[in-house]
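Work through these exercises with the structure on screen. Each one has a task and a stepwise solution.

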Amino acid sequence: STNMTKNLKVLVSSNDFAESGIKILEEHFTVLKSRYFGFGDEGLNENMAELMSLIPGCSALIWISHHPITKELLDKAGPQLKLVSTASAGYNNCNVPELKARGIKLSNTPEVLSGAVAEVAVALMIAAARRFPENLDQVKRGVWDGIGFQNVLGLDMRGSTIGIVGFGGIGQATAKRLVGFEVGKFLYSGHREKPEAKEYNAQFVPQETLLTESDFILLAAPLTDETRHMINKTTLAKMKKNAIIVNVGRGDLINQDDLYDALKNKQIYAAGLDVSTPEPLPKDHKLLTLPNLFLLPHIGSATVRTRNDMAELAAKNVVNALYGKPLITPVLP
Ligand SMILES: O=C(O)C(=O)CO
């Protein structure tokens, strides 16, 4: 009952978590909020120290950061910690083997963010293909070369081959939105064929085929030891000269030095990225000097509705775990 659970402490790793999520937690538990401890590295040491001072004795942790769940942090929390609930689809930073060894549950927030991330995936494809960085620069400088009949021409999505690496929630949501763009065909790669692919006539192909034949390559796969740096010198060399790479997953899916070289030498056409390593990218980073690179600051799921949905789902996973019910979206049940 509520009276009995009120003495259970839940730590939220950010003081700007959506109020709708906090409300669900506060109905049942004592909620502690750490200072903003977000996706980037800013203020990391200071904020980590505060988090470490709040975590002892907590029963659940809502983890919004992309920073790793360390053994040190779990030790500091203590043996009563039952659940790490991420407010993200990705959980590459969560040290799954360590949580598993300690019998701590893990949940994430997939699906609720697929639509929002897919919108950004489509935006990045258009921005890269239609040369938004160069065109925007001309608007700002008052030059407008784009008015010329042959100036700053881009590439069509219409009729193109779109290769989706990782045909999960985000990959499928993107295909669904792209149908109206009259694309030529969809290819996808991953561990197994997906029944949902039939809806889009998407063909399951080996990754090598996808990289060789696609005009747009969308990275929508989780970061794992297998996918880390899957875009590198060798795989870039297989791509078409007009290939456009879009990444809405994690920065480390791409070897950024190799991507820089390929974009600089026009070995491929352009890239549209929502993620990088590190985040934020230093403002004097060489990638930012490229006219054919469009970079957003990891805003895939950053809409009012989606962040509320993520917060509520993360909170409901905590409620279920601490009442001994099954997690709604388990990674480690
Ligand atoms: O959901 C995720 O994995 C993110 O990157 C944050 O939106």
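A pocket is found on a 1 Å grid over the protein atoms alone: it is an open set of points where a 1.4 Å probe fits, with protein on both sides within 12 Å along at least five of seven lines, and lining residues have an atom within 4 Å of a point. The model is predicted: local features need pLDDT of at least 70, side-chain atom pairs count only at pLDDT 80 or more, and totals for chains, interfaces and linings use all residues. Residues are numbered from 1 along each chain as its sequence is written, and side-chain values use heavy atoms, without hydrogens or water.

**Exercise 1.** Describe the lining of the largest pocket.

Step 1. Count the lining: 50 residues. A89, A220, A221, P222 and L223 lie nearest the centre of the pocket.

Step 2. α8 gives the most, with three residues.

**Exercise 2.** Which polar side-chain atoms lie 2.6 Å from an oxygen atom of the ligand?

Step 1. Look for polar contacts, pairs of N or O atoms within 3.5 Å.

Step 2. H298 supplies one such side-chain atom. S301 supplies another.

Conventions. Polar contact = N/O pair within 3.5 Å; in protein donor to acceptor, adjacent residues only side chain to side chain. Helix = DSSP H or I, 4+ residues; strand = E, 2+ residues; numbered from the N terminus.
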